[in-house]
Amino acid sequence: MLRRVAVAAVCATGGKLWCEAGRELTALWRIRARGPCEDSAAARPLLPPTMPGRNKAKSTCSCPDLQPNGQDLGESGRVARLGADESEEEGRRGSVNNAGDPEIVKSPSDPKQYRYIKLRNGLQALLISDLSNMEGKTGDATDDEEEEEEEEEEDDDDDDDEDEDSGAEIEDDDEEGFDEEEEFDDDDEHDDDDLDTEDNELEELEERAEARKKTTEKQSAAALCVGVGSFADPDDLPGLAHFLEHMVFMGSLKYPDENGFDAFLKKHGGSDNASTDCERTVFQFDVQRKYFKEALDRWAQFFIHPLMIRDAIDREVEAVDSEYQLARPSDANRKEMLFGSLARPGHPMGKFFWGNAETLKHEPKRNNIDTHARLREFWMRYYSAHYMTLVVQSKETLDTLEKWVTEIFSQIPNNGLPKPNFGHLTDPFDTPAFNKLYRVVPIRKIHALTITWALPPQQQHYRVKPLHYISWLVGHEGKGSILSYLRKKCWALALFGGNGETGFEQNSTYSVFSISITLTDEGYEHFYEVAHTVFQYLKMLQKLGPEKRIFEEIQKIEDNEFHYQEQTDPVEYVENMCENMQLYPLQDFLTGDQLLFEYKPEVIAEALNQLVPQKANLVLLSGANEGKCDLKEKWFGTQYSMEDVENSWAELWKTNFELNPDLHLPAENKYIATDFMLKAFDCPETEYPVKIVNTPQGCLWYKKDNKFKIPKAYIRFHLISPLIQKSAANVVLFDIFVNILTHNLAEPAYEADVAQLEYKLVAGEHGLIIRVKGFNHKLPLLFQLIIDYLAEFSSTPAVFTMITEQLKKTYFNILIKPETLAKDVRLLILEYARWSMIDKYRALMDGLSLESLLSFVKEFKSQLFVEGLVQGNVTSTVSVSKLNFMPLEQEMPVQFQVVELPGGHHLCKVRALNKGDANSEVTVYYQVTALIKLKECEDTHLGEEVDRNWNEVVTQQYLFDRLAHEIEALKSFSKSDLVSWFKAHRGPGSKMLSVHVVGFGKYEPEEDGSPSGEESHSCEVMQLTYLPTSPLLVGSTIPITDIRAFTSTLSLLPYHKIVK
């Protein structure tokens, strides 16, 4: 499957489906956009939006291209060059009507206005005015808003002391049981290497709701990109650029409080972050709109006059070292460090970018290096205004934003020195060591083959995007693709191909093209054949040459998505834009990373022809390599070996080897939308979903979109069964069923997926959840395809074996992470009748058969209760076929009951399961009677409204106007009420649970009292090892040393369900 990574790269993976069960359904509800219903009111025709043509887009891009650093716009750039006290208008637009720059090409669906300015100190800024949904309001808040905010601020001031007392996470009871597997996702490069396991829809909806609060309530955001990164690290201070990114935030001359900015943001609902890449460093924050200007001023001071006091260095070194320690157990990070070590001597890719206590503290002391002085020197040399690009977004007029930015950021110094350039360091991996086979011992249980080529830099070809074109084909999963062939051989589960456009994968010295394949056990044994299949496919592409039909298909899909794009989180948006300003000319700030502008087959062919076996680097990850790897990477301790490619294969790949007749180009994509007409209403408009189907087998809710007016729709169904949770073995069989269904759907549904018709099959705790969304024109085709495969589910013994073997690895990989083990332990204590991940792992290891799976599926499909929601640009005409299952004998709750904790502070302390991981995890849980949720603001796109409505359906509460009720409740609820409530639940009678998962750090003893061994690896036998309470907590906590015995005596709380 093609998957977008970072800016606009494409990867391939097996159609990331989160599946679950349902079978013997000859058909479910079929959604059709046709015909009025009998009681419909007069339909109101809606004019379809105009689809921009490629030529039209080109004609607006009349400005000359920028240099890669975005410095020179040329004479027609129409840039306002502003000083601290004045602004020059260079033929710019009138600003009274908040007009943006016409040169900047934006989506017709984008309501924001954009303006580019360049300050006299050389800093370039993009101003984004988002006055949508303001209902006539402009730059200033209304009087009522001001008054409410002032009252809140007074409350904040009065209760500052109370704020300092908080430090524990409080979770509402109703969160329990809503366990979302996405929290189990690793930060590794390819989370999809693991199969999907039992999931929970509700927690994902909660997480998206939290993100939505950021999107809608924190309406102002800013990001600044410095065009310098870790490539500029001095050789004697590895990690200095990353360390400086930390240190600049430790107070400024104007605002000297070391943690003042973070405290200010926290007080006003904001957040901030920063990251250091190879050639760029990015800082970003968001905050409530009223406090945006003050936040900008505080933030800008870090680039104007940061304190970077000497006393703060040791403390912040520890923060950097902690990041490094957290990163060490990541296979993706380990692979990157190993890859960088293969660069020729003197190239910056060989540097240690992370930095740690050794490189930034201990080693400098031994060598009499003054880290503080070098930090200031680095800041003065590289944090210069003319290397910087700034983006600010708020519900202010462009004139207001221009005034603020000019006033605040013109003070950033400009040292007048040329920007560092590494473009002359070409071909860093043109070395004998690169074109080898590397066997690597991973942290996780996985077999994976990664084939990598280092190409010349490709950024200058952004209008053609040759690597995007190649990865589209390499990552395809339809008939004739690499992955389709490997799946039929039962050699591979997933494939990722392309360039992520991060600094590691694309910079001024090279561009990476990599293909990473998740192998089965059998695929590991045939990894050379797998590599040969890849090379055969690439050779076929090279012989055929670029195809204009393929390019135009990709172009059309990207155009459609851009034309009807939905709004995103402001802080993520400004972060992306400030980097785009470093890479693209003015007219392409918003489009350069997304659209394909020009078809140049010679550019595509030039990149494609370099992807030959003789230039490839092969990395084989597998636990089977343990004991065979005699080398060790310096910084992350990765065990690996280096060897020549086996001679017989090396000789074959030098020849004009035969092509594979099973590999060919994909056919024309039938799922690409061409009808973007908005449907007329065939029923009276409603504010909330209405139930249009109600039978003993289930019900269907429907709402026609009357707000966002885009040609998209959402279809969601929940197939509920009590069978899943009857035993740990049933939960595992359900996971197996889900993943085989995923496997079966991957090839036929792939074309829909790349045509922006997204689908997910979610393995929920109580049933199968089907989610489908995208352009409504072809959406019913995809939905029906999924239903057909549910009805015709089947599996071969080979596929069953392949999936079960991979599922063992998936369970294992979940358990070895301290944070996910801590969550599993917490939920095992709190939720009645929950099966832990350890229970599931043991059930799987005990052995299950294909016959047991088919028996489970037959029983599962015999009785179901199905609920659905259809929303968007669809009419209410829905045909309901007879469903081939009986209704449930009794109503089934869709959540676990939660145990009532006894009073006091209970502690469950266990040993982590990965002996190579020094990290520990602490979770503190308070059981409370109720917790009022924060008010949610207006939805910014259709998906958010659908999420809210689906949450009501999937929880079987159906209170679609809940938001209105919550707002009314909050009007009578003060902060003092909340503080009193909070104190009451932290008093002597509070019900508190702590879960400690203790890692294998050098100061943590083993059970026998000996220090932890970093070289040891994860235990194969999965069981919890309870540890004694720390001396500091003895007497103040009640230890839990047997979870089942502890919970067996506890009472159960009633199901949490608010319906009015």
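Mentor: Helices (H or I, at least four residues) and strands (E, at least two) are DSSP runs, numbered from the N terminus. The model is predicted, so local features need pLDDT of at least 70 and side-chain atom pairs pLDDT 80 or more, while totals for chains, interfaces and linings use all residues. Residues are numbered from 1 along each chain as its sequence is written, and side-chain values use heavy atoms, without hydrogens or water.

Trainee: How many helices and strands does the protein chain have?

Mentor: The chain has 1060 residues, of which 60% count as buried (under 20% relative accessible area with a 1.4 Å probe, protein chains only; exposed is over 50%, partly exposed in between). Its secondary structure comes to 30 helices and 28 strands.

Trainee: Which strands stand at the edges of the open sheet of six strands?

Mentor: The order in this sheet is S18-S19-S23-S20-S22-S21, and the pairing (at least two DSSP bridges between two strands) is mixed. An edge strand has a single partner strand, so one of its sides is left without a neighbour in the sheet.

Trainee: Which residue of S19 is the bridge partner of Lys691?

Mentor: Begin with the two strands, S18 and S19, the latter spanning residues 698–704, which pair in the antiparallel sense over five bridges. Within S19, the residue that partners Lys691 is Trp701.

Trainee: Which helix packs on the sheet, touching S20, S21 and S22?

Mentor: The strands it touches are S20 (712–720), S21 and S22 (767–775), where touching means heavy atoms within 4.5 Å. Its direction makes about 155 degrees with that of S22. The helix spans residues 779–791 and is H22.

Trainee: Which residues have the most contacts inside the largest nonpolar core?

Mentor: A nonpolar core is a set of buried Ala, Val, Leu, Ile, Met, Phe, Trp, Tyr and Cys residues joined through side-chain atoms within 4.5 Å, and the largest one here has 152 residues. Helix H21 (residues 728–754) gives the most to this core, with 15 residues. Apart from it lies another core of 60 residues, including Leu224 and Phe285. In the largest core, the residues with the most contacts are Trp453, Ile770 and Leu853.

Trainee: On strand S11, which buried residues lie on one side and which on the other?

Mentor: In a regular strand the side chains alternate between the two faces of the sheet. Strand S11 covers residues 437–440, and both of its faces are covered. On one side are Leu437 and Arg439, and on the other are Tyr438 and Val440.

Trainee: Which residue of S17 stands opposite Arg439?

Mentor: S11 pairs in the parallel sense over four bridges with S15 (residues 617–621), where the bridge partner of Leu437 is Leu618. Four bridges also join S11 to S17 (residues 639–643), and these two strands run antiparallel. In S17, the residue opposite Arg439 is Ser641.

Trainee: How many of the ten residues of helix H9 are buried?

Mentor: H9 spans residues 331–340 and is mostly covered, its buried residues including Asp331, Arg334, Met337 and Phe339. What covers them includes helix H8 (313–327), together with strands S11, S12 (447–455), S14 (511–519), S15 and S17. Of the ten residues of H9, the number buried is nine.

Methods:
Axes fitted to C-alpha atoms, helices over the stretch in contact; angles between N-to-C directions.
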